[in-house]
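Here is a briefing on one protein chain. Please look over the sequence and the model before reading on.

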Amino acid sequence: MKSRLSRSRTALVVLLMLAPLAALLSTAEEEPITLDPRLEWFVDGKLGIFIHWGLYAVNGIPESWSFFNGQISYEDYMKQKPGFTAERYDPKAWAALFKEAGARYAVLTSKHHDGFALWPTELSDLDVMATPAKRDLLQPYADALRAEGLKVGFYFSHLDWSHPDYASVRTKGMSTDFDGNRFAYPAPGTPDDPDSWERFLVFHRGQIKELSDRYRPDLFWFDGDWERDEEQWDMKGLRKDLLSWQPTTILNGRMKEYGDYETPEQGLPIFPPEGPWEFCMTINDSWGYQVQDHNHKPVRQIIRTFAEIVGGGGNLLLDVGPYADGSLQPEQVDRLKGLGRWTKKHAEAIYGTRRGLPFGHFYGPTALAKDRQTLYLYVFDIPRDAIAVKGVRNEIDEVYVVGSGQTLAWKRSGGAPWKNIPGILLVDVPEAALDDDVTVVGIRLKGPLDLYHGSGGAIEAN
Ligand code: GLC
């Protein structure tokens, strides 16, 4: 006969075996269990800084689009070259500031749609060597980030509105009468020129290989895949090449389905994408520095957006637009520092977390620790009464304020525990415990989160 102890051990083993299944069943919305290990640092990292820096900063006009959309002639756009000095470029200061903000990586525009490269490329004359900056700007950036323990990302535009071979073909199926933008497509009536396109692809791959070989970026942030189709770009082949050159590199999603994660832009997703994702957003209304744009978002708004993103299991890629001399706009520096105050205090509720409760359980974003045993509630406003979490079946170990560790009083109200329908969890958050921007309440659960999703019904056994 089995002893009580060995019987309960057997029960424990069975329970442990079933636990992952239980977790899977309890919340359909949870993070896919098979996260590619290559992406782990990225999904854990939560915050990156995007940097749009190029010729456009000289006049303070829209990056590349200003000539594409006819706001300035191509010739005048290129006349910005002598103004691109980089004389106050201090990548170490950038890296220190990004770290202070709480970022774990940064993404710099190595080349935007205008084709201007921030590194001395062997493959074109349109690069930093044609400006007074006259030196490689990418290596010191990569070195400075790595010295601060940050990962290195490069933005690279597939399309190149300066390259003579680029506007040589139309997207498959377009008629030769198609009257598209001259920088993107052949003039109407002109036939496609597949040889030029092949040459362009060799150039495109060549520049990407330069970046990969020279700087070993941890992340490639592609953009501008929309003027050709997947076959024309051979994105599948590009992915294969990139991963063969450097197997650990992460690729963003602007590769016609051949990337690793989704990249929603400017408008916060209402329903977070399912897999890994990163929301990119400007601090004011522009990616690069623009003279007239002083519409910088308040720190609190940025923090709230960030909290929503973390709660949805995503990352924020927050954009700055340095001046042509390489210094950062002071309003943007202030925002990064303000964000840093909050990320430092709430680090445990940000980094390494996974998406939180589905809609309906809490009025506000929530996140879960990786082991699913701590739930984080992001409290935006001053509560008039206890804050409420619905549907948590677990027993509770402790409820506390993240950052100070102050324990909070809580109780459960209602429910039908004998039917496994939990009561509402009510937590008192005294005003003195509130953060100026977003307060985070931690709930340590006994065991991994076990959620009730039901719609209820008559309780027939009381
Ligand atoms: C858009 C724009 C580009 C900007 C990018 C950032 O794709 O074309 O100017 O760099 O968004 O996500």
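Buried residues make up 43% of the 462 residues in the protein chain. A residue is buried if 20 or more other C-beta atoms lie within 10 Å of its own, exposed if 12 or fewer, and partly exposed in between, with C-beta atoms placed from the backbone. This is a predicted model: local features need pLDDT of at least 70, side-chain atom pairs count only at pLDDT 80 or more, and totals for chains, interfaces and linings use all residues. Residues are numbered from 1 along each chain as its sequence is written.

**Overall build**

- The protein chain holds 12 helices and 15 strands. Helices (H or I, at least four residues) and strands (E, at least two) are DSSP runs, numbered from the N terminus.
- Taken along the principal axes, the C-alpha atoms fill a box of roughly 80 × 50 × 40 Å.
- Among contacts with a separation of 6 or more, 70% join residues 24 or more positions apart. Two residues are in contact if their C-beta atoms, placed from the backbone, lie within 7 Å.

**Domains and their contact**

- The protein chain is divided into domain 1 (37–349) and domain 2 (356–445). These bounds come from an automatic or database domain assignment.
- The domain centres, taken over C-alpha atoms, are separated by 38 Å.
- In domain 1, 13 residues are in contact with 13 residues of domain 2.
- On the side of domain 1 that touches domain 2, the elements giving two or more residues are α11 (299–311) and α12 (330–345). α11 gives the most, with eight residues.
- By class, that side of domain 1 has six nonpolar, two polar and five charged residues. Ala, Val, Leu, Ile, Met, Phe, Trp, Tyr, Cys and Pro count as nonpolar, Asp, Glu, Lys and Arg as charged, and the others, Gly among them, as polar.

**Nonpolar cores**

- The largest nonpolar core has 106 residues, of which I49, F98, A106, V107, L137, L377 and V441 touch the most other members. A nonpolar core is a set of buried Ala, Val, Leu, Ile, Met, Phe, Trp, Tyr and Cys residues joined through C-beta atoms within 7 Å.
- α11 supplies the largest share of this core, seven residues.
- Domain 1 (37–349) and domain 2 (356–445) both give residues to this core, so it lies between them.
- Leaving out residues up to four places away in sequence, V107 touches G48, F50, I51, G153, F154, Y155, L219, W221 and L317.
- A second, separate core of seven residues includes W161, Y166, A167 and F200.

**Helix α11**

- α11 is mostly covered, with 10 of its 13 residues buried.
- The buried residues are V299, I302, I303, R304, F306, A307, E308, I309, V310 and G311. Charged R304 and E308 are among them.
- At 1.5 Å a residue, the 13 residues of α11 should span 18 Å, and its end C-alpha atoms are 18 Å apart, which agrees. The expected span is 1.5 Å times one less than the number of residues.
- G313, which follows α11, has a positive phi near 80 degrees.

**Helix α8**

- The 22 residues of α8 (residues 194–215) should span 32 Å at 1.5 Å a residue, and the end C-alpha atoms are 32 Å apart, which agrees.
- F200, H204, Q207, I208 and L211 are buried in α8. Seen down the helix axis, the buried residues fall within an arc of 90 degrees, so they line one face of α8. The arc is that of the directions from the helix axis to the C-beta atoms.
- The buried residues of α8 pack against β2 (105–111) and β3 (151–157).
- Exposed P194, D195, V202 and D213 sit on the face of α8 turned away from its buried side.
- R216 follows α8 and has a positive phi, near 45 degrees.

**Helices α6 and α7**

- In α6 (residues 91–101), the buried residues are P91, W94, A95, L97, F98 and A101. They fall within an arc of 165 degrees seen down the axis, so they line one face of α6.
- The buried residues of α6 pack against β1 (47–51), β2, α7 and α12.
- Just after α6, G102 takes a positive phi of about 105 degrees.
- P140 lies in α7 (residues 138–147). P140 is partly exposed, with 16 other C-beta atoms within 10 Å.
- P140 and D90 are 50 residues apart in sequence and 8.7 Å apart in space, C-alpha to C-alpha.
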